[in-house]
Structure formats: structure tokens, C-alpha cells
Amino acid sequence: MNAVVLAVSLVLILSLFRVNVILSLCLGALAGGVWAGLTFLETVDAFQNGLSGGATIALSYGLLGAFAVAISRSGITDVLARLIIEKTGRGNSASEKWIKSILITSILLIAISSQNIIPIHITFIPIVIPPLLAVFAQLQVDRRLIACVITFGLATPFLILPVGFGGIYLFEILHKNLQSNGLIIEASDVPLSMLISACGMLAGLLIAVFFTYRKPRHYDAPEIAKLEPALAAIDKKSLAISLIAIAAALSMQLYSSSMIMGALTGILIFTVSGVVKWNQTQDLFSRGIAMMAMIGFIMITASGFAEVMKTTGSISDLVSSTSGALEGSKAMAAIMMLVIGLLITMGIGSSFSTVPIIAALYVPLCMDLGFSAMATAALVGTAGALGDAGSPASDSTLGPTAGLNSDGQHDHIWDTVVPTFIHYNIPLLIFGWFAAMTL
């Protein structure tokens with residue numbers, strides 16, 4: 001068995017049995033490295049060398065958590081939650097359906113805009129989602145549906161929209177790596193090549209919204225009873241400062257291209273203004289980091305896992321062994337390349353990190369098999385995106401879980417990873433294969 005297949009399979013199996021994702025990634029990396037022929041110490045060295053790759057994003061998420069706690073203490077999120085709860089409490093089933101539709105649509109639009117119009121990625125999740133958990137409970141909204149909605153908004157835009165993160169993925173990563181490996185294709189054709197695959201994501205979203213998770217699901221909602229006392233302490237100054245802090249944090253993040261600087265700016269505004277007392281900052285950071293620490297440590301561990309997989313050389317071996325068994329069949333080659341991309345990305349957890357690896361392997365193979373430039377772009381781009389939505393180590397799944405599990409009622413694997421895998425990775429395989437065969 002190939003070391004990548006072994007490692008990723010072990011991670012997924014352990015995760016499905018509710019073994020912590022960090023432990024699963026560590027064990028998968030060790031097993032894959034030793035199986036590929038590295039000594040135990042060589043595997044450990046490769047793993048440790050890769051850990052630094054996730055340090056920046058881990059600190060970003062920790063500070064973001066502290067910023068989210070500061071916002072919640074200002075009371076602005078409680079006001080939003082209370083207004084919605086009061087309206088649903090006075091309304092009938094028709095008004096509840098209307099409010100539920102508005103909520104889901106709003107969250108979808110926020111998630112989509114976080115990739116391009118306001119490129120803050122998952123920064124909005126710990127600020128927007130936790131205060132709405134009481135609302136979701138009141139409306140009996142299935143949180144698996146919200147996870148699918150958020151993940152769609154985080155993952156689909158960069159596949160087809162050439163702005164924000166999409167501009168980075170489509171032009172700076174996908175197009176450049178296609179060209180550097182010998183494929184002649186115009187940059188403007190790359191987004192078009194991904195259009196069919198993106199339709200697969202849309203199909204998965206519609207299935208999740210209108211079929212799979214449309215039925216009510218019960219959650220405990222102790223937060224509802226706690227909102228009223230909190231509102232008594234809210235004043236206009238706190239609300240105004242909250243808006244200023246959010247705007248300043250966003251502006252700094254866009255200016256510096258750093259979530260760390262953005263979060264620090266917002267926290268400083270809250271403390272200087274007195275909304276958060278200086279002697280309360282210790283608790284602020286403790287609670288914020290506790291809320292987001294799991295994401296950070298999983299991303300750090302995933303970086304180590306990816307480094308081990310690269311060091312073993314097993315990714316290229318996997319592609320080579322597969323191409324040797326294809327016997328010139330384009331249809332079989334397309335599905336096999338997509339499945340391999342799924343395996344690689346499920347372990348690494350990032351489409352952006354996967355494309356440079358698989359482009360070097362897939363482009364020559366596609367050219368030998370006679371795939372068009374558009375079909376090759378679709379295969380590489382889709383193979384890179386596959387697994388991002390359904391990987392235990394992807395921020396497209398970790399972000400939604402961090403927000404939806406604030407009260408401990410949302411499981412990362414079974415309530416986020418499995419639903420997004422089913423609704424997005426399976427359609428991506430089907431639509432990506434169709435794109436490769438028709439373009």
C-alpha cells in the first residue's frame with residue numbers, strides 16, 4: 001500500500017471513531033513515514049520541520065478568538081440575537097420559516113463575501129455564529145445545514161470568482177503551476193474551466209438545504225435565558241465602539257494582509273476605550289484562545305503531516321503507479337487523478353498547498369493522454385479542491401465547527417466533516433470528471 005493512502009486512511013478511520021484529529025494526524029504521519037521507508041527519527045524530524053508552517057495561522061486564530069470575546073462583551077451580538085428571538089417568539093410558523101430563510105441566506109452571503117468583497121476568510125465565524133446559536137435552537141435549525149452553508153461560501157468562490165482568494169487560487173497558484181509545468185493556457189480560461197466543478201458544489205448545497213437537513217433538529221438553548229440580563233448593561237457607547245473596532249480591525253487586516261494585526265487592532269480599541277478593562281485582558285485572551293485553540297493546533301499538526309508526505313516521495317509514486325495501470329484510458333485516468341487529489345488534500349487539508357504538488361505530476365500525464373488545456377486545468381483545479389471541504393484538517397471545516405460548537409453541541413467529524421464530504425466531495429468527483437471529459 002502506498003504511504004499516502006495508508007496515512008490518510010488511518011487519519012480518516014481514527015477520526016470517524018472520534019479519536020482527536022490532532023492525535024489522528026500525528027499517528028497517520030508516523031505510520032506513513034515509517035511505511036515509506038523513513039526511519040522513525042527521520043519521520044519525526046520531517047514532522048517537526050513542517051510544524052512551523054502552521055504557526056502563523058494558529059496565532060491568528062487565537063487572537064481572533066480573543067477579539068470575538070471582546071465583541072461579545074460589548075453586547076452588540078446579544079442585541080442581534082435578542083431581536084431575532086423576540087420576533088420568532090411572537091410569530092407563527094410562517095414567520096419562522098421566513099426568518100430562517102433570511103438567516104441562512106445572510107450567512108451564505110457573508111461566507112461568500114468573506115472570500116472576495118471583504119477577504120477576511122473565516123474571521124467572521126467566531127464573531128457572527130456563536131451569538132446565533134440560541135436563535136438556531138429556537139428555530140430548531142439543523143447545525144449540519146449551517147456547516148454546509150458556511151463551507152460552501154468558504155470553498156466555492158475561490159473556484160470560479162477571480163477576485164480575492166479566488167484570484168490567488170486561480171491565477172497565482174493554479175494558472176502559474178499549469179504554465180510552469182508546460183501547459184499553454186490563457187489565464188482568463190482558468191475560471192471557465194472550473195465552472196462545471198463549481199456547479200457540483202451548488203448541487204450539493206441545494207441538496208443539503210432542501211432535502212437532507214430541512215427537518216427540525218432539537219438543541220438545548222440555555223443561552224436564551226441569559227440574554228436578557230446582558231441587555232440591561234448595554235449602552236450606546238459600547239455598541240458604537242464595537243462598530244468602530246470591527247471596522248478598524250477589518251481595515252488593518254486588508255491593509256497589512258494579516259489577521260494578527262487586524263485582531264490586535266480591534267482588541268486595543270476595546271481596551272483603550274474601556275469597554276474591556278485592562279485587568280480583564282488576561283481572561284479575554286484565555287477565553288478567546290481556548291475557543292480557537294483547536295483550529296490552530298490542528299492546522300499546525302496538518303503542516304507537519306504534509307511535510308512528512310512530501311519527504312517520503314510517496315505522492316509521486318502514487319501517481320506513477322496509477323498512470324501505469326491506466327492503459328491510455330482518458331475516462332479512467334480522469335477519475336483516478338481526482339481520487340488521488342481527494343486523498344492528498346484530505347490529509348494536507350488545503351487546496352492552495354496541494355495544487356503545486358499535483359500540478360507537477362498531473363500536467364505531463366494529461367498532456368500524454370491527450371486532454372485539452374481546459375480539461376487539464378479542470379482536473380488539476382478540481383483535484384486540488386477535492387477534500388478541502390471534507391477534510392478534518394481544513395479551515396473550511398474547522399472554521400464552521402469552531403463557531404457551531406461554542407456550546408459543545410456540534411461534533412467536528414460527524415456534524416461538519418461527514419456532511420460536507422458527502423454533499424461537496426462526491427458532487428465534485430462527478431462534475432469534475434464530467435468537465436474533464438467534455439472540455
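Me: What is the distance between the closest N and O atoms in the salt bridge of D142 with R217?
Reply: The model is a predicted one. In it, D142 and R217 form a salt bridge. The cut-off for such a contact is 4 Å between nitrogen and carboxyl oxygen, and the closest N and O atoms of D142 and R217 are 3.5 Å apart.

Me: How many residues apart in sequence are the parts that D142 and R217 tie together?
Reply: D142 belongs to the loop between α7 (125-139) and α8, whereas R217 belongs to the loop between α12 and α13 (223-232). The pair therefore ties together parts of the sequence whose separation is 75 residues.

Me: Which residues are linked with D142 in a network of salt bridges?
Reply: The side chain of D142 meets that of R144 in a salt bridge of 2.7 Å, N to O. D142 also forms a salt bridge with R217. The network of salt bridges links D142 with R144, R217 and D415.

Me: By about how many helical turns are E172 and K176 separated?
Reply: The side chains of E172 and K176 meet in a salt bridge (2.9 Å, N to O). Both residues lie in helix α10, four residues apart. Their separation is therefore about one helical turn.

Me: What kind of aromatic pair do F158 and Y169 form: stacked, tilted or edge-to-face?
Reply: The ring centres of F158 and Y169 are 4.9 Å apart, and the planes meet at 65°. Planes over 60 degrees apart count as edge-to-face. The pair of F158 and Y169 is therefore edge-to-face.

Me: Which helices hold F158 and Y169?
Reply: F158 is buried, with a relative accessible area of 3%, and Y169 is buried at 0%. The two residues tie together parts that are eleven residues apart in sequence. F158 lies in helix α9 (residues 157-160) and Y169 in helix α10 (residues 165-180).

Me: How far from the centre of the ring of Y219 is the charged end of R143?
Reply: A charge sits over a ring only within 6 Å of the ring centre and within 35 degrees of the ring normal. The charged end of R143 sits over the ring of Y219, and its distance from the centre is 4.4 Å.

Terms used: Residues numbered from 1 in each chain as written. Predicted model: local features only at pLDDT ≥ 70, side-chain atom pairs only at ≥ 80, totals over all residues. Heavy atoms only, no water. Phe/Tyr/Trp six-rings, centres within 6.5 Å; stacked < 30°, edge-to-face > 60°. Buried < 20%, exposed > 50% of the residue type's maximum accessible area, 1.4 Å probe, protein only.
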